Amino acid sequence: MASGERPDKVVKPVGSERVNKEVENKEAGNVTEIYREFETWQINMGDKTIHAKRMPGVFRTVKNYTQSLWLLFFLVPYLRWNGKQAVLFDITNRQFHFFNLTILPQDIWMLSLLLLLLAMGLFAVTSVASRVWCGYFCFQSSWTDWYTWIEDKIEGPPHARRKLEAAPWSLEKIRKKIIKHFIWMVIALLTGISFSIWFVDAFDYWSMLVHFQLPLVGWVVLIMFFLGTYILAGMLREQTCMWLCPYARIQGVMTDSQTILPAYDFNRGEPRGKLHHKAEGSAAQGDCIDCFQCVQVCPTGVDIREGLQLGCITCGLCLDACDSIMDKVGKPRGLIRYASLDELEGKPAKKIYQHPRTLAYLGIILLAFGGIVYGLTHLGSMTLKVIPERQPLFVSLSDGSIQNKYEFKVLNKTDRDFFVTVTAEGGVKDQVIIGAEKPLLTHHGRGTSFTIFVKASGDNIKNEVTPIEFRVQSVEDPLIAAEYKTKFNGPKP
Amino acid sequence: MSEKHDVSGVPTTGHVWDDDLGDFTNQPPKWWILGLTASALFVVVYWIYYPSIPFASTGGFFKGVGGWTAIKEMEADKGEVDAIRGKFEAKLKDMTPAAILADKELTEYVTRSGKVLFGDNCAACHGQNGIGTHDKQGLFAPILNDDDWLYGGKIDDIYASIAGGRQGMMLAHHPNERELIELEHLEKLGQAGAEAHNIARGLTPHQIDAVAKYVLALSEGKGDSPEVAAGKRVFMSSDCTACHGQDGKGIQAMGSANLTDKIWRFDGSIEGIKRTISYGVNSGDPQARVAVMPSFKAAGKLSDAEIKKLAVYVYKFGGGQADAPAAAK
C-alpha cells in the first residue's frame, strides 16, 4: 500500500474479516441485485483477470476525451510540411524535424530540459491532484481501456466474461476469442507501425512494410512494439501499473494530505452495511451500502474504501459508480469524491500557495521551460567552430610573414545548402585570409569543414598570441551568421 | 518420505530439525528449469561450434565445426573497411595528382588517409605535419608547410620529389692548405688576381666571410647596401651565380636555394651560412651538410597511388603552389 496516511481511520486491510463478510454476503442472498457481483471480489494479486464493469458517468466521459489525445500518436506522422514529414525524429540522418524547425544533435541538450520539464510536470500535477497521468492519459491505461472495451463488446459484460472463461471450449467460445485476439493484434500492429513512423518517413515506411523490405532494425522494433502492446494491454493490464511501472510507484509517494484524490468519505460512509428493505438498524448505518460497485468498475481491481493505495490509478470511475448508486438509494452524491485527506478529516483546506512541494516543482518547471525557450530562440541557423592548427602553431613564410592554419567546421542547420563568406575581426594589422577568396559551400544538415589560412606580416605582429574573431556569413541571407573567437599565433617578437 | 509441513502444507522430505524446521521439496519455477536447461544446451552447442578444447598431447586444439577463427573475423572486418575505401581508391588509380586536387571529395579522402602514410614514411625527417626536424647543424629536413620550395611547390613537382627523391648538392668552397697559401699570395697581389683563381680553387676565409654577410643581407632585402659591396663582388665573380643565379633567387631545376627570401634550408645565422659555404652540401667533405631524400618509388617502397596521396597531402599543408590561376584550391 503506497500511502495509508491514516490506517486507523480507513477500513482494515483484507484478511479473515473480509472472508467472513464474503460468506455472510452469500448467505444474505438477493437482498438487492447488485450484491451478486460482489462474490467475485478479492484482493488483486494478479492470479485472476480483473473484469471491470463499464458504467457511464462524468469521469468516464472525461477519460474518453483525454485518452483520445492518443489519436495524435497515430495520426501526426502523416502530416506533411513543405513536402516533408512535419514531425520526424530522423535517427539515420541525426535530425529532428518539427515543422519549420530542424534540431541537430548539437542542440540535444534541450532534450534533457524537456525530460526534466515533463518529469516535474508529472510531479507537480501529482502533488496537486494525484495520479492524473495514470488515470486519464497514460498509454498503459488507455490501451488497456480500449482492449477491455473490445473485450466487453465481443464477450459481453464482466459476469458473462467470467462465465465464458470457466466454460469448456466450444465453437462459440473459440469464435469469440479469435475475433477478440485478432482485433487486439491489429491494434498492436498499428501501434508498432505508428511508433516507427515517428522515426522514418511514414509513407516510405508503409511502402517498405507492404513489400516486406523493412531493414532488420525496423522489423525488430515493429515486433517488439507489437508484442509489447499485445502483452501489456491484453494480458498484463493493471499488473503493469502495480508491479512493472516505476512511475506508478513514484507517484504513489508524491501525494500528501493536501492532495486531492478520489477518496471514500469514511466519516459519512461508516459503519457500512447492507441496504435492507426494512428500516431496522439503518439509523446506525453510514451511507455506504456496501454494494461493491466501486470495486466492480475499478480497472485495477482495488477497493477505494481502503484508502489511497498502490493499485489506485485515480481514474475516477468509482466516483461515477458510487454516484449512480447514491442516486438510486436517494442519498447525496459524493460519498466517494475528489477530496484531500485534510478535507475528509475536517481540517481547513490549504491554498495551493501554501503547498511548498508544488511551488518547488513549479519553480523547476519554470527554469526548464525558460531554458527550452532560450534554446529554441537561440538555435540559430548556423554554428561555427574554428580549430587552430597546433603543430605547428605558425609557419614562417619566405617573405617573412607568419601564417596560421585554421580548420573551420560550419554546421548549416537550415534545410538547404548555401554559400558563406569568411571575415575576421581583431587579429594582426593588414592580415590576409587565404582559402575563402570565393564564397564557400556549406551543406545543410551536416558539418562542412574547410581549411583557412591567415597570413600577416611579421613586422605587424606585436604579441605571441593575438585574439581574432572569425565570422562566417551566408551570402544570400546576412542574418545567417556565426562567430568564433580564437587566436593568432606568432613568434616571440 | 513425502510428508506435508503442518503449517504451510508444502510437501517436505520428512526431515525435521529443532522440532519444526522442515526440508521443503518445492520445485524450482518452470522458467528457471527451462533457463538452466537452455543454458546447458547452449554450452554444448558453443563447444561444438567454436574452437574449444585444447589437446595437451599434440599441442593442437579442437577447431570447432563452424570454422570460426579470429583472423577470419578480422579479414571480414577489413573487407568492410576496404569496401568503403574501394570506390575512392579505384578512382585515384588513374588520376593525376592535379586531378585529385581538383576533386573536393577525393582531396578530403586523400588528406585523411595521407596522414597515416606521412606519419609512417615522411614524419621521421620532416616532422609531423611537415614542421621539419632539427639536428645540431640546424634544420635537418625542410619544412613542408611553408611556401618555399627548393624543387618547386606545384603538385607535380612535389610528386616528382617524393617519387624520385632529392639529393642536395653544393661544392665546398674552403681551400686546402696548399691552395690557401697560394690564394693568400694572390690576394696580396690584388682582388682581380684572386678572383681569377677562385673559380676552381675556392674562397679565402676573408672572402667567405664577406660573401656570407652579403647573403644574409640579401635575405633582408639589403643586398645593394654598400656595407656588403665586397661580398657582392665575390658572389658575382665566383661560382655562386652558377647555381643561385645572378639575382640569388636560386634555380628550382637544380634545387638551389633562393637566397633572397627569409627561409633558410640549414641555418640562417652568419656562422651557419659560413659553414654551408665552406663545406658545401653532400660535397664529400666530412663537415659538409647532409641533404638526402631517398626515392620512394625506386625500391617499391610506396605504390604510385600512395605517392599521389602524399603529394596531395603535402600540397595541402598550405604551401602548395597552384599551376594556373584557375586551378582548384
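Biologist: At what angle do the axes of helix H9 and helix H10 of chain B cross?

Modeller: This is a predicted model, in which local features need pLDDT of at least 70, side-chain atom pairs count only at pLDDT 80 or more, and totals for chains, interfaces and linings use all residues. Residues are numbered from 1 along each chain as its sequence is written, chains are lettered from A and ligands numbered from 1 in the order in which they are written, and side-chain values use heavy atoms, without hydrogens and water. The axes of H9 (residues 205–219) and H10 (residues 229–237) of chain B cross at roughly 100 degrees and come within 7 Å; axes are lines fitted to C-alpha atoms, for helices over the stretch in contact, with angles from 0 to 180 degrees between N-to-C directions. That makes H9(B) roughly perpendicular to H10(B), a term for angles of 65 to 115 degrees. Helices here are DSSP runs of H or I with at least four residues, and strands are E runs of at least two, numbered from the N terminus.

Biologist: And which residues of H9(B) make the contact?

Modeller: B:Gln207, B:Ala210, B:Val211, B:Tyr214 and B:Val215 do so on the H9(B) side, contact meaning heavy atoms within 4.5 Å. Among their partners on H10(B) are B:Val234, B:Phe235 and B:Met236.

Biologist: Switching to chain A, which residue pairs with A:Arg60 in a salt bridge?

Modeller: A:Arg60 pairs with A:Asp145, and their closest N and O atoms are 2.4 Å apart; a salt bridge is a side-chain nitrogen of Lys or Arg within 4 Å of a carboxyl oxygen of Asp or Glu. Because A:Arg60 lies in helix H2 (residues 58–67) and A:Asp145 in helix H6 (residues 139–155) of chain A, the pair ties together parts that are 85 residues apart in sequence.

Biologist: How many salt bridges are there over all chains?

Modeller: The search of the whole structure finds 34.

Biologist: Okay, where are the cis peptide bonds to A:Pro271 and A:Pro392?

Modeller: A:Glu270 is joined to A:Pro271 by a cis bond with omega of about -10 degrees, and A:Pro271 is in the loop between helix H13 (266–269) and helix H14 (293–296) of chain A. The bond from A:Gln391 to A:Pro392 is also cis, with omega near 0 degrees, and A:Pro392 lies in the loop between strand S8 (382–388) and strand S9 (395–396) of chain A.

How values were computed. Angles under 35 degrees count as roughly parallel, over 145 as roughly antiparallel, 65 to 115 as roughly perpendicular and the rest as oblique.
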